[in-house]
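Biologist: Could you walk me through this one, strand by strand? I'd like the cut-offs spelled out too.

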Amino acid sequence: MLRFTLLICTVIISNIYIFAQGLFEQNRVNSIHILIPEDSIAFLYANPLNERYLDATFVFEQGSIKDTVQNIGFRLRGSSSRISQKKSFKISFNEFSNGRKFYGAKKLNLNGQHNDPTMVREKLFYDCWNQIGLPERRTAFIKLYINYKYYGLYTQLEEFDKEWLQRNFPDEKGNLYKCTYPADLRYLGNTEDLYKNILSHSATGGRAYDLLTNETKDDYSGFLQLIFEINKNPIQPASLERILNVPQLLKAYALEVCTGHWDNYAFNKNNYFLYQPPGGAFTFISYDADNTFGIDWLNIDWAERDPFNWYHPTESRTLIKNILKISTYQAYYKKIIDSIASTILNPAIIFPKIDSMHILITESAIADSFRTLDYNYSVADFHNGFSMQIDKHSPYGIKPFIERRRTSILKLTAIENKTTPAIDLKTYYDLNTRMLTIKCNFKISNFEIFNLQGFKLYQSNISQFDQSIRFELPAFITPNIYLIKFQMKNEWISKLLFL
């Protein structure tokens, strides 16, 4: 009896782990089913600015495993996406059941990526964001079904809320401010109401500096202190660093500049969070990263824009402009963009990651009829969007943008003459002997082989091997196209494997 009980507990714990991982699974596109009365869907589409959650049933499907949650809240989300034909959605597990979570999440965001022909840019930005050690935001690709009809491929993003704060900060009881257009952080005076009364120009309105936690206290005193410090001329580094994590801000800003995230604080006074733990310094957090990696609406070449004059040329951006007047901060910023361009944007590292995303979502993207509604994107546009211009607002494919952006930054940071060697990775396969040979100019500690649907087929059992290895592939790996991932120290890189 005890053994049987332990077996049941093991299965339950195993399933919990699978779903906790699967909610943001990276190597497979899982599915969400929403079951909701048809008149509720009609109401959402007829009232796109409405913020009211409607009652629905949620089913999360990971392969053969399903989990169902009754009475969840379901509504539209976003700004411009509310009036697009491919909508974005928000799911709330605790709307009608106070405190309820689904594997740690109270809310989920499903972004439709209607203006990105590739549908990977926002996830790619957050993967880079997480990679450089900024406060992690988990994302995954997901297929959405509403009343058994396929509504398309989505980027699933975790909510910026107390659960997110708890994962990323030692103390989650502080003040989290959501800052949207026209949140330029100008000094208007020493009264909290001056900043509380600035209204957002987003589709659903509200405060431009909107306190999302501790709403009952509605205390903006820390925010007011930040405004005061960043608007000093000149800035006083010692007092500024007591109220703001400056290195973290400059790292976040550097990534925005390197990836072409212009719909941000620095250029568009939009789309960022500020978090202050009790008695601590503010942390800056970027969000809404769909207009990145070459997407443009302002007729500006973001690949060539000067990284030291990225911010808006005629409007107040004191948070960045005043900080970069300080020589030590400017030197640190230069070092960070140098590092991001050298490593994160290195085509040998980032292109295989982009290829693996492309492969992973292809089947789901092609089947997504909603993808075509706003800009008539064809299947060819989806594939070509990774490598070439598709339309006026996507003048670059993702890869050409990265190459050109990287080159323009490295010229200004003068790192072309550095001797960091590029990764040289080659694979050779003998069809007759089924022997695969791997050669690399770095030591490899592990490798894994995936099929085009993202399922892991093979993992090496070699603890450490040098720059060349030859081995026989198992019989179940038949001639086809695969994705092979290699681990070198703490870095994973990927490439296509043609057998």
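Predicted model: local features only at pLDDT ≥ 70, side-chain atom pairs only at ≥ 80, totals over all residues.

Modeller: Residues are numbered from 1 along each chain as its sequence is written, and side-chain values use heavy atoms, with hydrogens and water left out.

Biologist: Is Ser-31 buried or exposed?

Modeller: Ser-31 sits in strand β1 (residues 30-35); strands are DSSP runs of E, at least two residues, and helices are runs of H or I, at least four, numbered from the N terminus. Its contacts (heavy atoms within 4.5 Å), leaving aside neighbours within four places in sequence, are Val-59, Phe-60, Glu-61, Ile-142, Lys-143 and Tyr-145. Buried means under 20% relative accessible area, exposed over 50% and partly exposed in between, with a 1.4 Å probe and protein chains only. At 6% relative accessibility, Ser-31 is therefore buried.

Biologist: What is the phi of Asn-147, in the turn of the β6 and β7 hairpin?

Modeller: β6 pairs with strand β7 (residues 149-158) in the antiparallel sense over 8 bridges, and Ala-140 has Gln-156 as its bridge partner in β7. The hairpin leaves 2 residues between the strands, and Asn-147 in that turn has a positive phi of about 50 degrees.

Biologist: In the open sheet of 4 strands, which ones stand at the edges?

Modeller: The order is β9-β8-β10-β11, with antiparallel pairing. Two of these strands have a single partner each, so one side of each lacks a neighbour in the sheet: β9 (209-211) and β11 (283-286).

Biologist: At what angle does helix α6 run to β10?

Modeller: Axes are lines fitted to C-alpha atoms, for helices over the stretch in contact, and angles run from 0 to 180 degrees between N-to-C directions. Helix α6 (residues 221-230) lies across β8 (175-179), β9 and β10, and its angle to β10 is about 110 degrees.

Biologist: Is Leu-298 buried or partly exposed?

Modeller: Leu-298 is in the loop between β11 and α10 (318-321). With 39% relative accessibility, Leu-298 counts as partly exposed.

Note on methods: Pairing = 2+ DSSP bridges.
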